[in-house]
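Subject: Structure for you to look at

Hello,

Here is the structure I said I would pass on. Please open it first, then read my notes below.

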Amino acid sequence: MDAVEKLIHGTVEKVILDDEYYNPSNNVNNIEKQLSETKFKLGMEYANNGKKEEALKELDEALYLDTDNFLIRKQRWYIKYPEKFSPVIDIEWQQEQLKKEKAQEALLKDGLACGPEGCVIPGTTINNENK
């Protein structure tokens, strides 16, 4: 609230929050960024039309292309876990979920995506819930 008030009153031009949700990396090239945005928009259209599985597929692929995009991640969570967003948003759960997902993504980046059950294919889910 304090940051918003400072912006409204013009005492500061810019506010940097301690908890940055989206910090884009320089690793995302322009084509991947555009594809990620397109897949995000398509996923949201599917979601708005009640096509949950199609929406999650597009959002998973969008997130794979832009793993630092918290908006994509949060929309996936909202579709998968609506109870974490109503009647109040469970911030602690989000922080824990983000840690879990980042750890899984780090394993994928380190080349540990293959195991006894096979390999993770980009654009597919990486957790046991959707196998």
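P87 is placed in the loop between α4 and α5; helices here are DSSP runs of H or I with at least four residues, numbered from the N terminus. The peptide bond joining S86 and P87 is cis, with omega at about 5°. For background, most peptide bonds are trans.

This is a predicted model, in which local features need pLDDT of at least 70 and side-chain atom pairs count only at pLDDT 80 or more, while totals for chains, interfaces and linings use all residues. Residues are numbered from 1 along each chain as its sequence is written, and side-chain values use heavy atoms, with hydrogens and water left out.

Next, a helix pair. Helix α2 (residues 30-48) and helix α4 (residues 70-80) have axes that come within 11 Å and cross at roughly 20°; axes are lines fitted to C-alpha atoms over the stretch in contact, and angles run from 0 to 180 degrees between N-to-C directions. α2 is therefore roughly parallel to α4 (angles under 35 degrees count as such). S36, F40, M44 and A47 of α2 make the contact with L71, I72, Q75 and I79 of α4, where contact means heavy atoms within 4.5 Å.

Last, E105, which lies in helix α5 (residues 91-109). E105 counts as buried because its relative accessibility is 11% (buried means under 20% relative accessible area, with a 1.4 Å probe and protein chains only). Leaving aside neighbours within four places in sequence, E105 is in contact with L63, T67 and R73. T67 is 38 residues from E105 along the chain, and their C-alpha atoms are separated by 8.3 Å.

Regards

Definitions and conventions:
Helices (H or I, at least four residues) and strands (E, at least two) are DSSP runs, numbered from the N terminus. Angles under 35 degrees count as roughly parallel, over 145 as roughly antiparallel, 65 to 115 as roughly perpendicular and the rest as oblique. Buried means under 20% relative accessible area, exposed over 50%, partly exposed in between (1.4 Å probe, protein chains only).
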